[in-house]
Amino acid sequence: MFLKCVACHSTEPGRHGTGPSLAALNGREAGSVPDFAYSEALKNSGITWNAASLDEFLTSPQDIVPGMCLPFRGFADPAKRKEVADYILSLE
């Protein structure tokens, strides 16, 4: 399931693709990595990443942060969403 993410995101700290690195995401404020050009929508979302916020976001990113530059539509299956969220939150 995470293969959908690696098309744009890296798991290595400081290494970005078209999306920011997902390393050390847990507890981080959305849009806060200083060397990545986030959309204003994500920078101003007020999201702090944790299991609950990531689960909600991965359900339908565009509904959670309208105007964000993310073409991914989300994971409808809660088990798949949890699998991806757990993996992302484990990255250091």
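Modeller: A disulfide is taken to be a pair of cysteine sulfur atoms within 2.5 Å. By this rule, the count here comes to 0 disulfides. The model is a predicted one, in which local features need pLDDT of at least 70 and side-chain atom pairs count only at pLDDT 80 or more, while totals for chains, interfaces and linings use all residues. Residues are numbered from 1 along each chain as its sequence is written, and side-chain values use heavy atoms, with hydrogens and water left out.

Colleague: Are cysteine 5 and cysteine 69 buried or exposed?

Modeller: The terms rest on relative accessible area, computed with a 1.4 Å probe on protein chains only: buried means under 20%, exposed over 50%, and partly exposed in between. Cysteine 5 is buried at 10%, whereas cysteine 69, at 69%, counts as exposed.

Colleague: How many aromatic pairs does the structure hold?

Modeller: Rings of Phe, Tyr and Trp (for Trp, its six-membered ring) pair if their centres lie within 6.5 Å, and the planes count as stacked when under 30 degrees apart, as edge-to-face when over 60, and as tilted for the rest. The structure holds 4 such pairs. One of them joins phenylalanine 2 and tyrosine 87, whose ring centres are 4.8 Å apart and whose planes stand at 65°, so the pair is edge-to-face.

Colleague: Which parts of the chain does the pair of phenylalanine 2 and tyrosine 87 tie together?

Modeller: Helices are DSSP runs of H or I with at least four residues, strands are runs of E with at least two, and both are numbered from the N terminus. Phenylalanine 2 lies in the segment before helix 1 (3-6) and tyrosine 87 in helix 5 (residues 78-90), so the pair ties together parts that are 85 residues apart in sequence. Phenylalanine 2 is buried at 14% relative accessible area, while tyrosine 87 is partly exposed at 36%. Phenylalanine 36 and tyrosine 38 form another edge-to-face pair, with 4.9 Å from centre to centre and 70° between the planes; phenylalanine 36 is buried at 17%, and tyrosine 38 is buried at 11%.

Colleague: What does the side chain of histidine 9 reach?

Modeller: A polar contact is a pair of N or O atoms within 3.5 Å; within protein, one must be able to donate a hydrogen and the other to accept it, and residues adjacent in sequence count only if both atoms are side-chain atoms. The side chain of histidine 9 reaches the backbone oxygen of proline 20 at 2.7 Å, and that of serine 10 reaches the backbone oxygen of arginine 15 at 3.2 Å.

Colleague: Which residues does asparagine 26 touch?

Modeller: Contact means heavy atoms within 4.5 Å. Leaving aside residues up to four places away in sequence, asparagine 26 touches Trp49, Asn50 and Leu89. The C-alpha atoms of asparagine 26 and leucine 89 are separated by 5.3 Å, although the two residues are 63 residues apart along the chain.
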